[in-house]
Amino acid sequence: MTAITDINDYDAITNLIANYYLKGAISGKGSEMKASFDESATWYGYVGPDLVAGPVQTLFDWNDSNGAAKELVYSISKVEIVGTIANVRIELDNWTGHRFTDFLNLLKVDGEWKVVNKVFHLHV
C-alpha cells in the first residue's frame, strides 16, 4: 500500500477532480473540465469495438456534444500518490446513461497537479 505523505496533495488532487473534471461532466461543458488537464494530455478507451484515442480536446468536444450529465453519480475510489505522480480511479454511473471507470494519471508540475492522461472503460 502506498502511503500518502502530504494530505495537502491528496486534497489538491481530489478538489481538482471534483471542482473541474466532474463539474464539467455534470454541466456538459468541456471548458469546465479543461482546468484539470495539462494542455498536452491524452485519453484512451474503447466504445464498443472502436478505440477512442487522442488529444484531450476531443474529450472536451465529446462532452460538449454529449450534453449535461445532471444525474451523474460518482465515487473517487482510489488516490495513489508517489512524490510528483498520482493515479486516481473514479467510478461514474449515469454519465448520460453510461457507466465508466476512469483512471487518471496526474503529474505535479511547478507545484500544481494536472491530469496528463485518462484511460477509461465503458461498462456494457
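Here is a tour that moves from a helix to the strands, then the rings and the surface.

A word before we start: this is a predicted model, where local features need pLDDT of at least 70, side-chain atom pairs count only at pLDDT 80 or more, and totals for chains, interfaces and linings use all residues. Residues are numbered from 1 along each chain as its sequence is written, and side-chain values use heavy atoms, with hydrogens and water left out.

**Stop 1: the helices.** Select T14, which sits in helix α1 (residues 7–27); helices here are DSSP runs of H or I with at least four residues, strands are runs of E with at least two, and both are numbered from the N terminus. T14 has a relative accessible area of 14% and is buried. Buried means under 20% relative accessible area, exposed means over 50%, and partly exposed is in between (1.4 Å probe, protein chains only). Setting aside residues up to four places away in sequence, T14 touches I76 and V79, where contact means heavy atoms within 4.5 Å.

Now jump to M33 in helix α2 (residues 30–33). Its relative accessibility is 0%, so M33 counts as buried. Beyond its neighbours within four places in sequence, M33 is in contact with several residues, including Y21, F60 and W95.

Stop 2: Colour strand β3 (residues 73–82) and strand β4 (residues 85–95), which pair in the antiparallel sense over 9 bridges. Two strands pair if DSSP finds at least two bridges between them. Look for E80, which stands opposite N87 in β4. The two strands form a hairpin with 2 residues between them, and G83 in the turn has a positive phi of about 60 degrees.

D93 has R99 in β5 as its bridge partner. Again there are 2 residues between the strands of the hairpin, β4 and β5. Click T96, in the loop between these two strands: its phi is near 50 degrees, a positive value in a residue other than glycine. Then try N94, which is in strand β4 and has a positive phi as well, near 70 degrees. N94 is partly exposed, with a relative accessible area of 30%.

**Stop 3: the rings.** How many aromatic pairs does the structure hold? There are 8. Rings of Phe, Tyr and Trp (its six-membered ring) pair if their centres lie within 6.5 Å; planes under 30 degrees apart count as stacked, over 60 as edge-to-face and the rest as tilted. Show W95 and F100: this edge-to-face pair is 5.7 Å centre to centre, with 70 degrees between the planes. Both W95 and F100 are buried.

F100 lies in strand β5 (residues 98–109) and F120 in strand β6 (residues 112–123), so the pair ties together parts that are 20 residues apart in sequence. To see the whole cluster linked by ring pairs, select Y21, F37, W43, F60, W62, W95, F100 and F120.

Stop 4: Finish by selecting Y44, in strand β1 (residues 37–47). Y44 is partly exposed, at 37% relative accessibility.
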